[in-house]
Amino acid sequence: MVELGSIATEQRNPNTMNIDTLSTLEMVKLINREDHCVAEAVSKVTGPIAAAIDVIADRLSKGGRLIYCGAGTSGRLGILDAVECPPTYSTDAEMVQALMAGGYPAVFQAVEGAEDSKALGVTDMERIHFSRSDVLVGIAASGRTPYVLGCMEYAKALDAATIAVTCCPGSVLDTFADIGIAPAPGPEVVTGSTRMKSGTAQKMVLNMLSTGTMIKLGKVYGNLMVDVKPSNEKLIRRCVTIVCTATQCTGDTATAALERCGYRPKTAIVMILCGVDAETAKAMLDRADGRIARVLAPPPAGMAGESL
């Protein structure tokens, strides 16, 4: 096992050696300056992020699942990304999942020894019936967490797609995965506190992975969240706003269309723009793989008048 002192995320930050002697405002400004390094670090790994999105979108479009796995902060970030997909994009709860070393209790407090067990990772992968059609994203700031490596080895044995999100380029996890995403934001403000810069970098990457995938799957029209699930009053109002914005219609028109299609913004938009009923709009979307832009695109030259 790699010695902790040699890992990039465990190095001391020369810029923050005296942070404990600063005024509160000076301390906050110093943390903020260090946080500026994060976006720059992520900008340098956009290539592998894009490649990962293409892989994930391909697997999900064929019925596979996106599975995150991690421990501690990394595991909680995976959970956060996974649980926000159903309300934001109306995905099935099974499509995007997260495994956490130590299970549910570890979300709220550390479970001693859980992250050190490869076997526990294998057990969790078996429990969700992980298969070759799925894609695994292993999240570990250090790139060395045994639980994540256990999950990764299980996925590799099935010849499933594997992606690593670390903050240590060249780490075991980074090089073991099919695609390694390893932004390097530099040493933490407080040595080894990877919930800070490393955690922010990982969150940015996960945001891109899930959002980019959902865009590729047709769940965004323009920059509108057209597959949002209206699970509360705020989201119901958002559905109306989205339909109004996409079609330039009145609130009453948007509401009427949404009521006729079960409050599915994507369907309501096609209903209004194409002047069709809910059933026809749904069929048009099905033929266009759920993409509004494809429904609205003019037919190729010589095919005018043919159905989509």
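These legends describe close-up views of a predicted model. Local features are given where pLDDT is at least 70, and side-chain atom pairs count only at pLDDT 80 or more, while totals for chains, interfaces and linings use all residues. Residues are numbered from 1 along each chain as its sequence is written, and side-chain values use heavy atoms, with hydrogens and water left out.

**View 1. Helix 3 against helix 9.** Helix 3 covers residues 72-83 and helix 9 covers residues 197-216; helices (H or I, at least four residues) and strands (E, at least two) are DSSP runs, numbered from the N terminus. The two axes come within 10 Å and cross at roughly 30 degrees. Axes are lines fitted to C-alpha atoms, for helices over the stretch in contact, and angles run from 0 to 180 degrees between N-to-C directions. Helix 3 is therefore roughly parallel to helix 9 (angles under 35 degrees count as roughly parallel, over 145 as roughly antiparallel, 65 to 115 as roughly perpendicular and the rest as oblique). The crossing of helix 3 with helix 9 is right-handed, a term for a near helix turned clockwise from the far one by less than a right angle, with anticlockwise being left-handed. Helix 3 makes the contact through Ser74, Leu77, Gly78, Leu80 and Asp81, and helix 9 through Gly199, Gln202, Lys203, Leu206, Asn207 and Ser210 (contact means heavy atoms within 4.5 Å). By class, this contact of helix 3 with helix 9 has three nonpolar, six polar and two charged residues. Ala, Val, Leu, Ile, Met, Phe, Trp, Tyr, Cys and Pro count as nonpolar, Asp, Glu, Lys and Arg as charged, and the others, Gly among them, as polar.

**View 2. Ser74 in helix 3.** Ser74 lies in helix 3 and is buried, with a relative accessible area of 6%. Buried means under 20% relative accessible area, exposed over 50%, and partly exposed in between (1.4 Å probe, protein chains only). Leaving aside neighbours within four places in sequence, Ser74 is in contact with Ile139, Ala140, Ala141 and Gln202.

**View 3. Helix 1 against helix 9.** The axes of helix 1 (residues 24-43) and helix 9 come within 9 Å and cross at roughly 35 degrees. Helix 1 passes helix 9 in a right-handed crossing. From helix 1, the contact involves Glu34, Asp35, Cys37, Val38, Ala39 and Val42; from helix 9, Lys197, Thr200, Ala201, Met204, Val205 and Met208. The residues of this contact of helix 1 with helix 9 divide into eight nonpolar, one polar and three charged.

**View 4. Cysteines without a disulfide.** A disulfide is a pair of cysteine sulfur atoms within 2.5 Å, and by this rule the count is zero. The sulfur of Cys37 is 12 Å from the closest cysteine sulfur, in Cys167, too far for a bond. For Cys167, the closest cysteine sulfur is in Cys168, 7.0 Å away, also too far for a bond. Cys37 is partly exposed at 33% relative accessibility, whereas Cys167 is buried at 3%.

**View 5. Lys229 in a loop.** Lys229 lies in the loop between helix 9 and helix 10 (233-247) and is partly exposed, at 44% relative accessibility. Not counting residues up to four places away in sequence, Lys229 touches Pro86, Pro87, Ser90 and Leu235.

View 6. Most residues other than glycine have a negative phi. Phi of His129 is near 55 degrees, a positive value. His129 sits in the loop between helix 6 (118-127) and strand 3 (135-139) and is exposed, at 64% relative accessibility. Phi of Tyr263 is near 55 degrees, and Tyr263 is found in the loop between helix 11 (251-260) and helix 12 (265-274).
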